[in-house]
Amino acid sequence: MNILIIDAQGGGIGKQLTLAVKKNRPDAVVTAVGTNSAATTAMIKAGADYAATGENAVVVNSKRADVIIGPVGIVIADALLGEITPAMAQAVAQSRAKRILIPVNHCDNIVVGVENLNIGKLIGDVMAELQKIRQ
């Protein structure tokens, strides 16, 4: 299974996701794409198998992924303080991959009806969803 993890800003969520996926799905190939080098570096340090940075990396790897994981902002143009370009959001949204999106309520995007859970609980929920996907 090819899992694409996308993150922005400091890469904190992406780092935690990478660690959790590598622990819970050691069979998976994890590609980490950061919208900036700090995010990419954080995911590399967490054990990503492959890594790249920037818009084209998101576009190309969204086509290759079986599963895409990241904060909900990765499907919203100009989200995450403007780091998600329209091309990135479109590539993720139009990918044939299964998307597991984390409902983080910041950067002017509020997901109503969702508790403000800590990131550890949300990562656990992502792993539960990922376990349901078999390939």
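**Figure 1. Six helices and five strands make up the secondary structure of the protein chain.** The model is predicted. Read from the N terminus, the elements follow the order β-α-β-α-β-α-β-α-α-β-α. The radius of gyration is 13 Å, close to the 14 Å that the globule rule gives for 135 residues, so the protein chain is as compact as a globular protein of that length. Along the principal axes, the C-alpha atoms fill a box of roughly 35 × 35 × 30 Å.

**Figure 2. Helix α5 spans residues 86-94 and has four named buried residues: Met88, Ala89, Ala91 and Val92.** These residues cover an arc of only 165 degrees around the axis, which puts them on the same side of α5.

**Figure 3. Burial and contacts across the protein chain.** Of its 135 residues, 45% count as buried. Contacts between residues at least 6 apart in sequence were also sorted by separation. Among them, 69% join residues at least 24 apart.

**Figure 4. Surface and charge of the protein chain.** The accessible surface comes to about 6700 Å². Carbon and sulfur atoms account for 51% of that surface. The protein chain carries 13 positive and 11 negative charges.

Methods
Residues numbered from 1 in each chain as written. Predicted model: local features only at pLDDT ≥ 70, side-chain atom pairs only at ≥ 80, totals over all residues. Heavy atoms only, no water. Buried < 20%, exposed > 50% of the residue type's maximum accessible area, 1.4 Å probe, protein only. Helix = DSSP H or I, 4+ residues; strand = E, 2+ residues; numbered from the N terminus. Arc of directions from axis to C-beta. Rg over C-alpha atoms; globule rule 2.2 N^0.38 Å. Contact = heavy atoms within 4.5 Å. Areas by Shrake-Rupley, 256 points an atom, 1.4 Å probe, with all protein chains shown as cover. Lys, Arg positive; Asp, Glu negative; His and termini not counted. Charge placed at Lys NZ, Arg CZ, Asp CG, Glu CD.
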